[in-house]
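Biologist: I have not worked with this chain before. Could we go through it together?
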Amino acid sequence: MATRKRISDLLRQEAKKSSETEDKPVIDTTAEVVAEQDNEVTEESPKDTDTDKSIAEDTSPTKAELSATIAELRAALEQTKQLEQAHQHEVSLQQQVIDLQSQLAEQKKLVQKLQKDLEQFDKLKAELTQAKKEALQLAEANSKLIEENNALKKESEGLTTRRYKPVERKISTVADVNKERDDFANKTWLLD
C-alpha cells in the first residue's frame with residue numbers, strides 16, 4: 001500500500017514537472033544555505049536534483065507493476081463490495097432483531113392478557129361449581145319439601161273425611177207442612 005502511494009505520488013510529480021517544463025522555460029538556480037531555528041544548514045546542489053530525476057526515472061512504474069497495482073485495486077474494490085454487502089446484511093439483521101423484539105414484546109402482552117383471562121375463567125369456573133352445588137342442594141331440599149307437602153295433603157284428606165260427614169237432610173215440602181197441622185189439630189182437641 002505504501003509503495004502504491006509512493007508510485008502514485010511520483011507519477012503526479014512527474015506529470016506536474018512535465019507540464020511545467022512545457023509551459024515555462026527552465027531556470028537554473030543555485031542552492032543557498034538556509035538557517036532554521038535549530039541552526040541546521042541544508043544545502044541543495046544541482047547534482048542532487050539530477051539524482052532525484054534519475055531515481056524518479058528508475059522508480060517509474062513498469063507495465064508489470066501497473067498490472068499488479070490494478071490487481072491490488074480490484075481486490076481492494078472487491079473487498080470493499082464484500083464489506084458493503086456485509087454492512088447491508090448487518091443492517092437487515094439489526095432490523096430483523098428490532099422486529100423480533102417488538103413481536104416478542106407484543107406476545108408478552110398477549111401472554112399477560114391470557115393469564116388474566118385464565119384467572120378470571122378459573123374464578124368463574126369456581127363460582128359456577130359453587131352455584132351448581134347450591135342448585136343441587138336447593139333441588140334436594142325442594143324435593144323433600146314437595147314430598148312432605150304431599151304427605152301432609154294425604155294426611156289432611158284423611159282427617160277431613162273422618163271429621164266431617166255430610167248430614168242428610170230432608171227438605172220438607174208443602175204437603176208435609178199441611179199434614180203436620182192436621183196432626184196438631186187432632187192432638188190439640190184434648191186441650192180445648
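Biologist: What does D9 form a salt bridge with?
Modeller: The partner of D9 is R12, and their closest N and O atoms are 3.4 Å apart. Both residues belong to helix α1, which covers residues 2-23. They are three residues apart, about one turn of the helix.

Biologist: And R12, is that one buried or exposed?
Modeller: R12 counts as exposed, because its relative accessibility of 53% is over the 50% limit.

Biologist: How many salt bridges are there by this rule?
Modeller: The count is two. Besides the pair D9 and R12, the side chains of D117 and K113 meet in a salt bridge, at 3.9 Å from N to O.

Biologist: Where do D117 and K113 lie?
Modeller: Both are in helix α3, four residues apart, about one turn of the helix. D117 is partly exposed, with a relative accessible area of 34%.

Biologist: Turning to the overall layout, how many helices and strands does the chain have?
Modeller: There are four helices and two strands. Along the sequence, their pattern reads α-β-β-α-α-α.

Biologist: Where is the confidence lowest, and where is it highest?
Modeller: The lowest is in strand β2, residues 41-42, with a mean pLDDT of 43. Helix α3, residues 63-163, has the highest, at 91. Over residues 33-47 the pLDDT is below 50, and this stretch has eleven contacts in the model beyond near neighbours in sequence. Where pLDDT is low, the predicted coordinates should not be read in detail.

Biologist: What does the chain average?
Modeller: The average pLDDT is 76, and 59% of the residues score at least 70.

Biologist: What share of the residues counts as buried?
Modeller: Of the 192 residues in the chain, 2% count as buried. The accessible surface comes to about 18,900 Å², and 55% of that belongs to carbon and sulfur atoms.

Biologist: Why does T69 count as buried?
Modeller: T69 counts as buried because its relative accessibility is 18%, which is under the 20% limit. T69 is found in helix α3.

Biologist: Which backbone oxygen does the side chain of T69 reach?
Modeller: The side chain of T69 reaches the backbone oxygen of E65, at 2.8 Å.

Terms used:
Residues numbered from 1 in each chain as written. Predicted model: local features only at pLDDT ≥ 70, side-chain atom pairs only at ≥ 80, totals over all residues. Heavy atoms only, no water. pLDDT = per-residue confidence, 0-100. Contact = heavy atoms within 4.5 Å. Salt bridge = Lys/Arg side-chain N within 4 Å of Asp/Glu carboxyl O. Buried < 20%, exposed > 50% of the residue type's maximum accessible area, 1.4 Å probe, protein only. Areas by Shrake-Rupley, 256 points an atom, 1.4 Å probe, with all protein chains shown as cover. Polar contact = N/O pair within 3.5 Å; in protein donor to acceptor, adjacent residues only side chain to side chain.
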